[in-house]
Amino acid sequence: MLREGGTERPFTGAFVHHSAAGRYACRGCGRELFASAAKFDSGCGWPSFDRAVPETVRLLEDRSHGTVRTECRCAHCDSHLGHVFHGEGLTPENTRYCINSVSLTFHPAPDTP
Ligand SMILES: [Zn+2]
């Protein structure tokens, strides 16, 4: 999945309705990519984030399936993560990183008061 650029079926991923505080890291290399504070429920069926940790992801044009989308990959190991959409107005960032659960590992935050 990580290397082939596949997309898991919606609402099947482990992190779709995952809301614990912590950090999401690349399953390929372990780099931190998203904070739980950036996660929101977009209703699209995949884990969605409105921003990534700066300079941890790279975006490239994906012309597969007859459309043009923006693919999101790990900037460090080049694993496919998901796609990025802009201008939907879902959050103040106006950006949605739509990420496959299988591309991520979750690290719970230390207990905070
Ligand atoms: Zn990586």
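User: How many cavities of 30 Å³ or more does the structure hold?
Analyst: There's 1 in this predicted model.

User: How much space lies in the largest cavity?
Analyst: About 50 Å³. It has 13 lining residues, and V16, D41, S42, G43 and W46 are the closest to its centre.

User: And how does that lining divide into nonpolar, polar and charged?
Analyst: You get 6 nonpolar residues, 5 polar and 2 charged.

User: Which strands are joined to β8 by bridges?
Analyst: β7 (residues 80-86) is joined to β8 by 5 bridges, and β4 (residues 48-49) by 2. Both pairings run antiparallel.

User: Which residues in β8 are the bridge partners of H83 and F49?
Analyst: H83 pairs with C98, while F49 pairs with Y97.

User: What else is F49 in contact with, leaving aside its neighbours within four places in sequence?
Analyst: Quite a list, including Y24, F34, A38, F40, I99 and L104.

User: Which residues have the most contacts inside the largest nonpolar core?
Analyst: F49 and Y97 are among them, along with L33, F34, V57, I99 and L104; that core has 18 residues. At least two residues of the core come from each of β1, β2, β6, β7, β8 and β9.

User: Why would nonpolar side chains end up together?
Analyst: In soluble globular proteins, they tend to be buried together.

How values were computed. Residues numbered from 1 in each chain as written. Predicted model: local features only at pLDDT ≥ 70, side-chain atom pairs only at ≥ 80, totals over all residues. Heavy atoms only, no water. Pairing = 2+ DSSP bridges. Helix = DSSP H or I, 4+ residues; strand = E, 2+ residues; numbered from the N terminus. Core = buried A, V, L, I, M, F, W, Y, C linked by side-chain atoms within 4.5 Å. Buried < 20%, exposed > 50% of the residue type's maximum accessible area, 1.4 Å probe, protein only. Contact = heavy atoms within 4.5 Å. 1 Å grid on protein atoms, 1.4 Å probe; cavity = no way out; pocket = protein on both sides within 12 Å on 5 of 7 lines; lining within 4 Å. Points joined across faces, edges and corners; volume = space filled by probe spheres on them. Nonpolar A, V, L, I, M, F, W, Y, C, P; charged D, E, K, R; others polar.
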